[in-house]
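Colleague: I am new to this structure and would welcome a close look at its salt bridges. Please describe the pairs and where their partners lie.

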Amino acid sequence: SCSYGSTEGRPQEQIRWLTEMGLLNDGVSILDVGCYDGRFLSLLPATVRRIGVDIDKPAIERGRLQYGHQGVELIHGDFDRFKLDNQPDAITMFHVLEHLPNPVATLANLRALSSPATRLVVEVPILENGFTNDINGFFSVQHMTHFSRRSLANALARAGWVIETQLEQPDYNGCRVLCRPMEAKATVAGEEKDCARLTAYIQHHQEAVKTVQGRLACLAGADRVLIWGGGMHTEFLYQLTDLFRVSGRQ
């Protein structure tokens, strides 16, 4: 299994926010779930006990060599089964939960590892912020689980967490929540609104694809097209438009 690091610039904003929330005070322990090679942890204050876990064994091994001398502790293990020798004061999961097939199992394991004072920070893409003109859309093939605000709250509640604070990240379709443990597990009602929102989103995405297809019409007479970039965005152009289906085009 493999993982990948965070987008450039995100760690600085995340660290500022964690500091404002009082989660990086001297002497606390912080667990980063989905830590990749531990780079994010290495940027945290040295006065904090920094622990990370990831399923990517090569990344963990690289991180131990690169950041171990800084006191960063890295664990290779499955998120829904790994164990700790202490109860962390704070747990972070920045854009990890959506990549998991069973997010509730992971959240429940984190709850079992926590004390009543532990705080959990989760950030995921949510459907409400997915109404963009990007044809790769909300339902990215990189994500195994997709959330709305309500389904995120439900997943957390089923695992024994309740949301205290919520911060929207609309510039990249994110929703960040700060949670505390709760005794009774519960669910949040209102699936009908999510179904209506999903229908509206699908219609919106279809219109976005139609708009892109219309803009590509200017290439109708071109024998060759040069795409600057590539990768997954090119794959979406291939799957959702006729850019690659013009006879004789290279």
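Modeller: The side chains of R149 and E168 form a salt bridge, with N to O at 2.9 Å; the term denotes a side-chain nitrogen of Lys or Arg within 4 Å of a carboxyl oxygen of Asp or Glu. Because R149 belongs to helix 5 and E168 to strand 6 (residues 161-169), this pair ties together parts that are 19 residues apart in sequence. Helices (H or I, at least four residues) and strands (E, at least two) are DSSP runs, numbered from the N terminus. The model is predicted: local features need pLDDT of at least 70, side-chain atom pairs count only at pLDDT 80 or more, and totals for chains, interfaces and linings use all residues. Residues are numbered from 1 along each chain as its sequence is written, and side-chain values use heavy atoms, leaving out hydrogens and water.

R149 is partly exposed at 31% relative accessible area, and E168 is likewise partly exposed, at 27%. Here buried means under 20% relative accessible area, exposed over 50%, and partly exposed in between (1.4 Å probe, protein chains only).

A further salt bridge joins the side chains of E128 and R197, at 3.3 Å from N to O. E128 lies in the loop between strand 5 (119-125) and helix 5 (149-158), and R197 in helix 6 (residues 191-215), so the pair links parts that are 69 residues apart in sequence. E128 is buried at 16% relative accessibility, whereas R197 is partly exposed at 26%.

Through shared partners, salt bridges connect E128, R149, R150, E168, D194 and R197 into one network. The count of salt bridges comes to 14.
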